[in-house]
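Dear colleague,

I am handing over the structure we spoke about, and you will find it directly below. My notes on what was found in it follow, and I would be glad if you read them with the coordinates open.

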Amino acid sequence: MGSAHSSCSLLTASSTQHFCFPQPPICVSKLRPANQNQIRSIKFTSHSFRCCSSPQNLSLRCNQVGEFETQVKYLKTMADIHGIDQELLNTIVYDALVWSSLHGLVVGDKSVKRSGIVPGVGLVHSPIALLPGSFPETHWKQACELVSIFNELVDRVSLDGKFLQESLSRTKKADDFTSRLLDIHSKMLQMDKKEEIRLGLHRSDYMLDEKTKLLLQVELNTISSSFAGLSQIVSKLHSDLLDQYGEVLGLDSRMIPENNSGNQSAEVLAKAWTEYNNPSAVIMIVVQAEERNMYDQHWLSVHLRKRHNVKTIRKTMAEIDREGELQSDGTLLVDGQAVAVVYFRAGYTPIDYPSETEWAARLLVEQSSAVKCPSISYHLAGTKKIQQELAKPNVLERFLDNKEDIAKIRKCFAGLWSLDDKDIVKKAIEAPDLFVMKPQREGGGNNIYGDDVRKTLVRLQKEGNVEDAAYILMQRIFPSVYPTIFVRDGICHKDHAISELGIFGAYLRNKDKVIVNDQCGYLMRTKVSSSNEGGVAAGFAVLDSIYLT
């Protein structure tokens, strides 16, 4: 699922330069310096780039001079990454494209009609950053430490049906999609449906605010947290590139954190399958009818089969309705096969429910004894409105006991408000660039920015209906802007960028026994700084990895 986030947009003026790479790679040995002194004296050819943001926003600083030799060299290099010798750049891009093709770092080509339907048709390398993006190690550790707390929070919120229903009651009147989800949730409450085995594969997304130097949460995803498969591969790509070119660039591949997001996600799914205790059952991946990002999903299936001997099947919501049935003991059969775990990679957007058929399928799954990833209550716990409710004073205390954990979570909350708050609405109308309006949607491309915030708020005030309950207001995060090199569709271009860090988290509990509550890899997404939205699948961002500083 792409991120629908509140990122900053420092406008650039024609700062993009494009390059194509038909020529074969040059000999790397000719570029490799013999010693560290030569590394410091490598010549970078400067290029002219214009950017509307101020110089201080583009500078990459180190708080302590000489703290780490590799850090100093990296910052000096990255500050002028656009000036890397063109011949060297061509070679690195060429090798990156070959590596991506050989290692399955691919997506479906949107220009090929069947690329989202038939595997192997219309493949193109995943959009990537050529080199990893720098990220402070202290904030990396902070994000990792928050994972287990957020996992527990989601589980506890999901158990409080009254809180979910009451918090989303006004949203239900304004948003048909949320209303239908709440109807299913209400039916489960009336049935007193118990989810003894509870599984969550979440992703908490963050940006590092330039002004405050705080790590602030953009959103918490509890359904279809995508790119666990490809994130692991792009981290390996960057590590291999630095093994090959790191000495020339002054970079150390050991500064890229290990990322086993695909392996770890598959392992947790396999553990949930084991807890279900039916060796003949399968894991069902719920997919969209057309999915250009299918290979990210297929990597998890490969890991499940090779590492855990677990079979997976892929079904759309329509197919589940047509082929699915419930047995008297609650077992879900789809096409005659018992389903142990239902892993949703669809169902998070109204587009996935074009008819009553899809809603019937979702209800069927919820009524079954299969382990859901996520259940309807986990799904609702990840909505924007619940995120905003949890940011209110004294609400976290309702679900968490540890005061230190509460303080850690509260520290990473950006400003979040309901449109009931008239003072905040007034401020947002007066200074719309400081806010983002978020609907109850996932997948990227849904948020409202800039003067459109003012226009929308003014319109809602004039109309005076319940539509305002479909939105929340969020503080706009202004992260650091830095030069980077994007590679998309075989073409390299230089631009200025901002990044968003997503930390995958896994939670598995059987009755009172917590089996897994841990971090399981990360996703780094980087985009042009002039872009508001940030989803990779939605076409706004590229996959990246972290270089710790």
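**Backbone, a buried arginine and a helix pair**

Serine 224, with a relative accessibility of 4%, counts as buried because the limit for that class is under 20%. Please keep in mind throughout that this is a predicted model. Serine 224 sits in the loop that runs between strand S7 (215-221) and helix H9 (228-249), and its phi is positive, at about 50 degrees, although the residue is not a glycine.

A positive phi also occurs at asparagine 394, again not a glycine, where the value is about 70 degrees. Asparagine 394 belongs to the loop between helix H15 (384-390) and helix H16 (403-412), and because its relative accessibility is 61%, it counts as exposed. These backbone angles deserve a look because most residues other than glycine have a negative phi, and most peptide bonds are trans.

Turning to side chains, arginine 509 is part of strand S18, which covers residues 491-510, and at 11% relative accessibility arginine 509 counts as buried. Its side chain makes a polar contact, at 2.9 Å, with the side chain of aspartate 155. When neighbours within four places in sequence are left aside, the residues in contact with arginine 509 are Asp155, Leu159, Glu196, Ile197, Arg198, Val514 and Ile515.

Among the helices, H17 (residues 422-430) and H18 (residues 451-463) pack with their axes 8 Å apart and at an angle of about 135 degrees, so the two helices are oblique to each other. The crossing of H17 and H18 is left-handed. On the H17 side the contact is made by Val425, Ala428 and Ile429, which meet Val453, Arg454, Leu457, Val458 and Gln461 of H18; the residues of this contact divide into six nonpolar, one polar and one charged.

For the protein as a whole, there are 18 helices and 21 strands, and 59% of the 549 residues count as buried. Of the contacts with a separation of 6 or more, 77% are between residues 24 or more positions apart.

Key. Residues numbered from 1 in each chain as written. Predicted model: local features only at pLDDT ≥ 70, side-chain atom pairs only at ≥ 80, totals over all residues. Heavy atoms only, no water. Helix = DSSP H or I, 4+ residues; strand = E, 2+ residues; numbered from the N terminus. Buried < 20%, exposed > 50% of the residue type's maximum accessible area, 1.4 Å probe, protein only. Polar contact = N/O pair within 3.5 Å; in protein donor to acceptor, adjacent residues only side chain to side chain. Contact = heavy atoms within 4.5 Å. Axes fitted to C-alpha atoms, helices over the stretch in contact; angles between N-to-C directions. Parallel < 35°, antiparallel > 145°, perpendicular 65-115°, else oblique. Left-handed = near helix turned anticlockwise from the far one by under 90°. Nonpolar A, V, L, I, M, F, W, Y, C, P; charged D, E, K, R; others polar.
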